[in-house]
Amino acid sequence: MKSEPDVFSFEDLLKAAGRTTSWEGVRNYQARNFMRDEFRVGDGVLFYHSNSEEAGIAGIAEVVKAGYPDPSALDPKSHYYDENAAKKGENPWFLVDVKATAKLRATVTRDELRAEKKLAKMMVLQKGSRLSVQPVTAEEFELVCKLGAARKI
DNA sequence: GCCAACGTTGGC
DNA sequence: GCCAACGTTGGC
């Protein structure tokens, strides 16, 4: 899951109540489908910092609540308010709750990710890969944890 | 700041 | 339903 650290960083997640946050504001249908249909409680999450000097995997998290409607879409005060959804009275947007579960020695940068042949197919490394929520294989997840010397918290 | 890649919008 | 125009993302 991608986030711009200026907006919400892994450090912010560590500071959040229960080290948990609702992943609100995703307004892309493909990403929505993943959160609505694929996420299961207990799934591992690679927390990716995008648009940053140090782009890469900044920390490890876990799904603690599976897909449910994103309340920010219907909240006029929210930055993520969706006027169309509110007018129709139907909320098409979903989110999940994630909790920080492990720290890394340091951000595993894109260079480090690219240096691993086994990660060559990782979606986030593909050119033009803008999707903010992406599937990751168990093998990729474990390898990133290893590269970053993940420590449970 | 540039720009390629991609998603969305809207005229037709 | 096509596709040009536009907006956004995000690496570099």
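**Notes on the DNA contacts, pockets and strands**

1. Let me begin with DNA strand B. The residues around DNA strand B are Tyr29, Gln30, Lys127, Gly128 and Arg130. Sugar and phosphate make up 68% of the DNA strand B atoms that come within 4 Å of the protein. Please keep in mind that this is a predicted model. By class, the surface near DNA strand B has one nonpolar, two polar and two charged residues.

2. Two side chains are worth a look here. Lys127 has a side-chain N or O atom 3.2 Å from a phosphate oxygen of DNA strand B. Arg130 instead approaches a base: one of its polar side-chain atoms lies 2.5 Å from a base oxygen of DNA strand B.

3. Now for the other DNA strand. Which residues surround DNA strand C? They are Lys2, Tyr48, Ser50, Asn51, Ala55, Arg110, Arg114 and Arg130. Of the DNA strand C atoms that come within 4 Å of the protein, 71% belong to sugar and phosphate. The residues of this surface divide into two nonpolar, two polar and four charged.

4. A polar side-chain atom of Arg110 lies 3.4 Å from a phosphate oxygen, and an N or O atom in the side chain of Arg114 is 3.3 Å from a phosphate oxygen.

5. The largest pocket has a volume of about 620 Å³. It is lined by 20 residues, and those closest to its centre are Lys2, Ser3, Glu4, Tyr80 and Ser132. Lys2 is also one of the residues around DNA strand C. Strand E1 (2-3) and strand E2 (20-22) each supply at least two residues of the lining. By class, the lining of the largest pocket holds seven nonpolar, eight polar and five charged residues.

6. The second largest pocket has a volume of about 390 Å³. Its lining has 22 residues, with Phe39, Gly44, Gln134, Pro135 and Val136 nearest the centre. By class, 15 of the lining residues are nonpolar, four are polar and three are charged.

7. Which elements supply the lining of the second largest pocket? Helix H2 (29-38), strand E3 (44-49), strand E4 (56-69) and helix H5 (138-147) each give at least two residues. E3 gives the most, with four residues.

8. Is E3 enclosed or open to the outside? Five of its six residues are buried, so E3 is largely enclosed by the rest of the structure. E3 pairs with E1 in the parallel sense over two bridges, and Ser3 stands opposite His49 of E3. With E4, E3 pairs in the antiparallel sense over six bridges. Tyr48, which is among the residues around DNA strand C, has Ile57 in E4 as its bridge partner.

9. The hairpin of E3 and E4 has six residues between the strands. Asn51 is in this loop and has a positive phi of about 55 degrees although it is not a glycine. Asn51 counts as exposed because its relative accessibility is 63%, and exposed means over 50%. Asn51 is also one of the residues around DNA strand C.

10. Ala149 is a non-glycine residue with a positive phi too, of about 50 degrees. Its place is in the loop between H5 and strand E7 (151-152). With 33% relative accessibility, Ala149 counts as partly exposed.

11. Finally, please look at Ser72, in the loop between E4 and helix H3 (83-88). Ser72 counts as buried because its relative accessibility is 5%, and buried means under 20%. The C-alpha atoms of Ser72 and Glu24 are separated by 6.7 Å, while the two residues are 48 residues apart along the chain.

Technical notes: Residues are numbered from 1 along each chain as its sequence is written. Chains are lettered from A and ligands numbered from 1 in the order in which they are written. This is a predicted model: local features need pLDDT of at least 70, side-chain atom pairs count only at pLDDT 80 or more; totals for chains, interfaces and linings use all residues. Side-chain values use heavy atoms; hydrogens and water are left out. A residue is near a molecule or strand if one of its heavy atoms lies within 4 Å of it. A polar contact is a pair of N or O atoms within 3.5 Å; within protein, one must be able to donate a hydrogen and the other to accept it, and residues adjacent in sequence count only if both atoms are side-chain atoms. Ala, Val, Leu, Ile, Met, Phe, Trp, Tyr, Cys and Pro count as nonpolar, Asp, Glu, Lys and Arg as charged, and the others, Gly among them, as polar. On a 1 Å grid over the protein atoms alone, a cavity is a set of points where a 1.4 Å probe fits but cannot get out, and a pocket is an open set with protein on both sides within 12 Å along at least five of seven lines; lining residues have an atom within 4 Å of a point. Grid points are joined across faces, edges and corners, and a volume is the space filled by probe spheres set on the points. Buried means under 20% relative accessible area, exposed over 50%, partly exposed in between (1.4 Å probe, protein chains only). Two strands pair if DSSP finds at least two bridges between them.
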